[in-house]
Amino acid sequence: MTATWPWISTVARLGLAAVWLGAGLLKIGDLAGSGRAVNAYEIFPYEIAKVIGAVLPFLEITLGLLLLAGLAVRLIAGISAALLLIFIAGISWAWSQGLQIDCGCFGSGGTLSAGQTPQYLLDIARDLGFLVLAGILLWQPRTRYSIDGVLMGEE
């Protein structure tokens, strides 16, 4: 099993990289929409929500690129886990408050149109799956084809 973990971790690393890159790239073309999505949670004042919404895509892309390269995998996995927990808490907050919003996880999100229903349970389940990937990398950060491996003389 020891020889298998680097491959399992590699799949987790590349999968989580794809998640962050996809999420960030889908938002970066509409930073105002990303800000409106954050504002829809009604947690922060609008000015702060705009800043969070503008920064978030760049953070997600940075995390994705670092995971893709395999640089500082455990650190990036820890930041990913923290960010995913914040997302899950935000979705849970919106659900508990009866808000009718799209999470904005992979797009601009925001208030749903009439007739649309939120998918909070699916959103949380999806983020828990991503959290498992981060957990694998926190536990077993050694991966194949990574800068970490090259720097440590493993490849």
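Reply: Start with the residue classes: Ala, Val, Leu, Ile, Met, Phe, Trp, Tyr, Cys and Pro count as nonpolar, Asp, Glu, Lys and Arg as charged, and the others, Gly among them, as polar. The model is a predicted one. By those classes, the lining of the largest pocket divides into 21 nonpolar, three polar and three charged residues.

Me: What makes a residue part of the lining of a pocket?

Reply: A lining residue has an atom within 4 Å of a pocket point. For the largest pocket, 27 residues line it, and V38, I52, L56, I86 and F87 lie nearest its centre. The elements that give two or more residues to this lining are α1 (5-28), α2 (31-39), α3 (46-69), α4 and α5. Helix α4 gives the most, with six residues. The volume of the largest pocket is about 460 Å³.

Me: Why is α4 called roughly antiparallel to α5?

Reply: Helix α4 (residues 73-96) and helix α5 (residues 120-139) pack at an angle of about 160 degrees, with their axes 9 Å apart. Angles over 145 degrees count as roughly antiparallel, and therefore α4 is roughly antiparallel to α5. The crossing of α4 past α5 is left-handed. In the contact of α4 with α5, the residues divide into 20 nonpolar, three polar and three charged.

Me: Why are α1 and α4 called oblique to each other?

Reply: The axes of α1 and α4 cross at roughly 50 degrees and come within 12 Å. Under 35 degrees would count as roughly parallel, and 65 to 115 as roughly perpendicular; the rest, apart from angles over 145, are oblique. The pair α1 and α4 is therefore oblique. Helix α1 also passes α4 in a left-handed crossing.

Me: Which residues does UniProt list as "transmembrane region", and how much of residues 7-28 and of residues 48-68 is helix?

Reply: The unreviewed UniProt entry lists residues 7-28, 48-68 and 75-95. Such annotations may be inferred rather than shown by experiment. In the model, residues 7-28 are 100% helix and 0% strand, with end C-alpha atoms 31 Å apart. Residues 48-68 are likewise 100% helix and 0% strand, and their end C-alpha atoms lie 30 Å apart.

Me: What does the domain annotation cover, and how much of that span is helix?

Reply: In the unreviewed UniProt entry, "domain: Methylamine utilisation protein MauE" covers residues 7-139. Over residues 7-139 the chain is 74% helix and 3% strand, with the end C-alpha atoms 14 Å apart.

Terms used. Residues are numbered from 1 along each chain as its sequence is written. This is a predicted model: local features need pLDDT of at least 70, side-chain atom pairs count only at pLDDT 80 or more; totals for chains, interfaces and linings use all residues. Side-chain values use heavy atoms; hydrogens and water are left out. Axes are lines fitted to C-alpha atoms, for helices over the stretch in contact, and angles run from 0 to 180 degrees between N-to-C directions. Helices (H or I, at least four residues) and strands (E, at least two) are DSSP runs, numbered from the N terminus. A crossing is left-handed if the near helix is turned anticlockwise from the far one by less than a right angle, and right-handed if clockwise. On a 1 Å grid over the protein atoms alone, a cavity is a set of points where a 1.4 Å probe fits but cannot get out, and a pocket is an open set with protein on both sides within 12 Å along at least five of seven lines; lining residues have an atom within 4 Å of a point. Grid points are joined across faces, edges and corners, and a volume is the space filled by probe spheres set on the points.
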